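Me: Please take me through this model by question and answer, giving the cut-off behind each term when it comes up.

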Amino acid sequence: MLTYRSGDSLAHRLDPRTKLLAQAAFAAAAFAHTTPSGLAWLTVVALAFLAAGRLSPVRAIRGYLPALPFLVAAPLLSVVEVDVSPGSGAWAVGIDPAAAFEPLLASYRVLLILLVSAVYLHATPVRDTRAAIQRLVPGRVGRLLGVGVALVFRFLPLLRSDLGRIREASNARLGSERPLRARMQLVASAGIRRAFGRADRLALALRARCFAWNPTLPELRFERIDAVGLLVALALAGATLLGP
Amino acid sequence: MSTETESVELVGEDVVGNVARAALFAALTGAFAYVSFPNPISPVPVSLQVLGVFLAGIFLGPVWGGVSLAFYLAAGAAGAPIFSAGSAGFGPLVGYTAGYLWSYPIAAALIGATVHGFDGLDDPETVGTVRLVGGMLAGTVVIYALGTVGFALVQNVGLVEAFAVSALAFVPFEAVKIAAAVGVVRSDAAAAA
């Protein structure tokens, strides 16, 4: 699983806002230049990003392992062509390897985007991301999003272990033999009861501690080093606009 | 550098309760990504995320159900491992899963609007089964329509191929999830709401 690791690499020292912009610009450039030469250049940029965060490509790919079957399946399936003749209703299956070319490029583009977002996750503490969201999205909407993000991080492990215990208890009582619908319903209704219980206690605690719209967040400051990051983001954005 | 200097501005009473519930439902939807059941027709197992979307719409209504799933997307982008199979980051929001993920807040809001209308929340237990199922069917259509179109655009394949790879093996289980959601609403879990 990809999570934040403390460090002092270039990517660690950049402001989270710079990193978010660079990521978005990279994705835009990858969509604008899905050609062999464009993707070759973007591969170099992605490798540079990985180096800037001192993250090994293998670890980055391992973080997105569950995505790989889908990235492989799309080009594979587009090789197969089914022709149905409208008159007789007869159909024939053909193989056309050339049809896989474009989907293959598209899959590779998504892989590059995933690698770049792995660098962000590796090099950015959650508190900084929350602060960046609250500064980038203006007004109360941004603050609400920031609070929501922080609470999801706080409660995800608790609810995961709640659900784990529910399933364990059910399996111990041969719940695994029951039909799928009954098993889903059991996990969901017990999960909802826990979630509502926790939400009510959380709301009470927030009210008791004067939950305010203006919390104290870590300071974010653009340093000189961010100029480099912003230039890279700008170059990628420029490349997007230039077209193929 | 930016710091806050103005005086403390308290969040309103009912907003606090709703924010807490929305955030907990977002976390629950994320935790549902880890509850997987073996899929007899695909190597990729069935997870319960979509059930989280259904329940957020039903229990939180159109506004806070949508907000809850927006929390889910923002937290996932910030690095919480809550997207399918425990992935996270900005990548999934623009990758082949983009259509599915962005459809979640829309579907939750649509289900909430169908079940509750726009004039405040009804007790989900008093809502008729037809309305519940209708709302969830509409939500399912939105999720798979946007998901398939998103997959086709990002992966550069036709709509039929996109549906075959990303949706076909999972659609039948949505009926089971809808039935499970109705069961949840009719069970005593709803009494806690």
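Me: In which helix of chain A is A30(A) found?
Reply: This is a predicted model, in which local features need pLDDT of at least 70 and side-chain atom pairs count only at pLDDT 80 or more, while totals for chains, interfaces and linings use all residues. Residues are numbered from 1 along each chain as its sequence is written, and chains are lettered from A and ligands numbered from 1 in the order in which they are written. Helices (H or I, at least four residues) and strands (E, at least two) are DSSP runs, numbered from the N terminus. Within chain A, the helix that holds A30(A) spans residues 16-32 and is α2.

Me: Is A30(A) buried or exposed?
Reply: A residue counts as buried if 20 or more other C-beta atoms lie within 10 Å of its own, as exposed if 12 or fewer do, and as partly exposed in between, with C-beta atoms placed from the backbone. Because A30(A) has 26 other C-beta atoms within 10 Å, it is buried.

Me: Which residues does A30(A) touch, not counting residues up to four places away in sequence?
Reply: Two residues are in contact if their C-beta atoms, placed from the backbone, lie within 7 Å. Separately, the C-alpha atoms of A30(A) and T240(A), which are 210 residues apart along the chain, are separated by 7.9 Å. Once residues up to four places away are set aside, A30(A) touches L42(A), R109(A), L112(A) and I113(A).

Me: What radius of gyration does chain A have?
Reply: Chain A has 10 helices and 2 strands, and its C-alpha atoms fill a box of roughly 70 × 60 × 35 Å along the principal axes. The radius of gyration is taken over C-alpha atoms, and the globule rule is 2.2 Å times the number of residues to the power 0.38. A compact globule of 244 residues would come near 18 Å, but chain A has 24 Å.

Me: How far apart do the C-alpha centres of domain 1 and domain 2 of chain A lie?
Reply: Domain bounds come from an automatic or database domain assignment, which for chain A gives domain 1 (10-124 + 220-242) and domain 2 (132-208). Between the C-alpha centres of these two domains the distance is 32 Å.

Me: Why is chain B described as compact as a globular protein of its length?
Reply: Chain B has 7 helices and 2 strands, in the order α-β-β-α-α-α-α-α-α from the N terminus on. It is as compact as a globular protein of that length because the globule rule gives 16 Å for 193 residues, and chain B is close to this with a radius of gyration of 17 Å.

Me: Which element gives the largest share of the side of chain B that touches chain A?
Reply: The contact takes 68 residues from chain B and 70 residues from chain A. The elements giving two or more residues to the chain B side include α1 (13-32), α2 (49-78) and α5 (129-155). The largest share of that side, 14 residues, comes from α1(B).

Me: What is the phi of N156(B), which is not a glycine?
Reply: Most residues other than glycine have a negative phi. N156(B) sits in the loop between α5 and α6 of chain B, and it is buried because 21 other C-beta atoms lie within 10 Å. Although it is not a glycine, N156(B) has a positive phi of about 60 degrees.

Me: In which loop is the place of R54(A)?
Reply: R54(A) is not a glycine either, yet it has a positive phi of about 45 degrees. With 16 other C-beta atoms within 10 Å, R54(A) is partly exposed. Its place in chain A is in the loop between α3 (36-52) and α4 (57-63).
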